[in-house]
Amino acid sequence: EEAFHTLTMSRRVANMVSAVVVGSTTRDMAVEKWRLELDIMELKDELTIAKQVHEYKPCIYDQAKPVANIAEEENKRVQAILKRREEARDRQLSEVRAKASEEAKRIIEEEEKKSAMTLAQLEREVEAKRAENAELQAERARKVKEYERHLEKIRKKKDEEEALLVKLRDEISGLEEEVKTRQDAVEKKRRQLEMTSHDQAKGREAILKEREEVRSQRAKLLEDRRKQREGWIAQIRETNEKVLSQVQLLD
């Protein structure tokens with residue numbers, strides 16, 4: 001039981017030290033060194049476990065007087081072991097933390113010498129960068145809002161133009177229908193005028209034809225009357241000549 005508890009606590013201490021302390025403070029240390037220290041800690045834990053298992057004896061072994069309550073005595077021994085284990089773990093953690101802190105300070109000093117800049121200066125520079133980044137973020141947010149407002153205006157204007165375009169299209173369609181109706185009326189009127197003009201032309205032709213017929217009939221009538229007059233004149237002349245001849249005969 002003690003071996004099991006020792007192994008469990010040792011593994012827990014090793015995992016906690018390697019994950020919390022070593023991982024957070026010696027992140028930039030050499031990997032091989034960290035692995036070597038971890039192997040050493042595991043070997044120490046295994047030796048401790050083997051030693052405790054080899055030297056383990058029941059709590060009632062070699063007692064001068066008999067133990068009345070074995071469970072209570074075992075509980076006392078277990079509590080003492082747990083207390084020593086907690087103290088050893090605290091000492092190990094303190095040593096590891098002190099060592100890690102010293103190593104971290106040494107690495108920070110080396111890095112400051114290499115970069116010619118202290119950690120405080122780096123922190124101030126980081127704060128300045130953060131402030132600049134915050135200003136940039138605020139400016140970006142302001143520009144995004146402004147762009148969104150401008151985009152909303154453009155979208156609203158586009159909707160109004162589309163509505164106006166639809167209205168104009170409807171008006172144009174109405175005007176086209178009205179123009180088509182008027183064109184149909186004009187075409188109908190033109191056809192009527194053409195028919196009227198055609199009828200007038202036919203009437204004029206008929207009048208001219210009738211006038212020519214009347215003129216030809218009048219000319220024929222005048223010719224007939226002239227011939228009749230000439231006949232009459234010829235008859236009168238003949239009659240006069242006859243009368244004159246008779247008168248001369250009488251004389």
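In which helix is E162 found? E162 sits in helix 4, which covers residues 119-250. Helices here (H or I, at least four residues) and strands (E, at least two) are DSSP runs, numbered from the N terminus.

The model is a predicted one, in which local features need pLDDT of at least 70, side-chain atom pairs count only at pLDDT 80 or more, and totals for chains, interfaces and linings use all residues. Residues are numbered from 1 along each chain as its sequence is written, and side-chain values use heavy atoms, with hydrogens and water left out.

Starting with the overall layout, the chain has four helices and zero strands, so that, under the DSSP run rule, the elements read α-α-α-α from the N terminus on. Buried residues (under 20% relative accessible area, with exposed being over 50% and partly exposed in between, for a 1.4 Å probe and protein chains only) make up 9% of the 251 residues. The accessible surface of the chain comes to about 22,300 Å², and 55% of that belongs to carbon and sulfur atoms. Such areas come from the Shrake-Rupley method with a 1.4 Å probe, and for residues only the protein chains shown count as cover. As for contacts (heavy atoms within 4.5 Å), take those between residues at least 6 apart in sequence: 71% of them join residues at least 24 apart.

Next come the charged pairs. Side chains of opposite charge can pair when their charged atoms come close. The structure holds 14 salt bridges, each being a side-chain nitrogen of Lys or Arg within 4 Å of a carboxyl oxygen of Asp or Glu. One of them joins R106 to E103, with the closest N and O atoms 1.9 Å apart. Both residues lie in helix 3 (residues 70-115), three residues apart, or about one turn of the helix. R106 is partly exposed at 36% relative accessible area, while E103 counts as buried at 13%.

Helix 4 has pairs of its own. R142 forms a salt bridge with E139, and their closest N and O atoms are 2.2 Å apart. These two are three residues apart in helix 4, so about one helical turn separates R142 and E139. R142 has a relative accessible area of 42%, which means partly exposed, and E139 is partly exposed too, at 31%. Further along, the side chains of E178 and R182 meet in a salt bridge at 2.8 Å, N to O. E178 and R182 are four residues apart in helix 4, again about one turn. E178 counts as partly exposed because its relative accessibility is 37%, whereas R182 counts as exposed at 56%. There is also a network of salt bridges, which links E187, R190, R191 and E194.

Patches are made of residues with over 30% relative accessible area and no salt bridge; like charges are joined within 9 Å, and nonpolar side chains (Val, Leu, Ile, Met, Phe, Trp, Tyr) within 5 Å. D159, E160, E161 and E162 form a negative patch. For charge, Lys and Arg count as positive and Asp and Glu as negative, with His and the chain ends not counted; the place of a charge is taken as NZ of Lys, CZ of Arg, CG of Asp or CD of Glu. E162 counts as partly exposed because its relative accessibility is 41%. A nonpolar patch of about 260 Å² is made by L164, L168 and I172. L168 is found in helix 4 and is partly exposed, with a relative accessible area of 38%.
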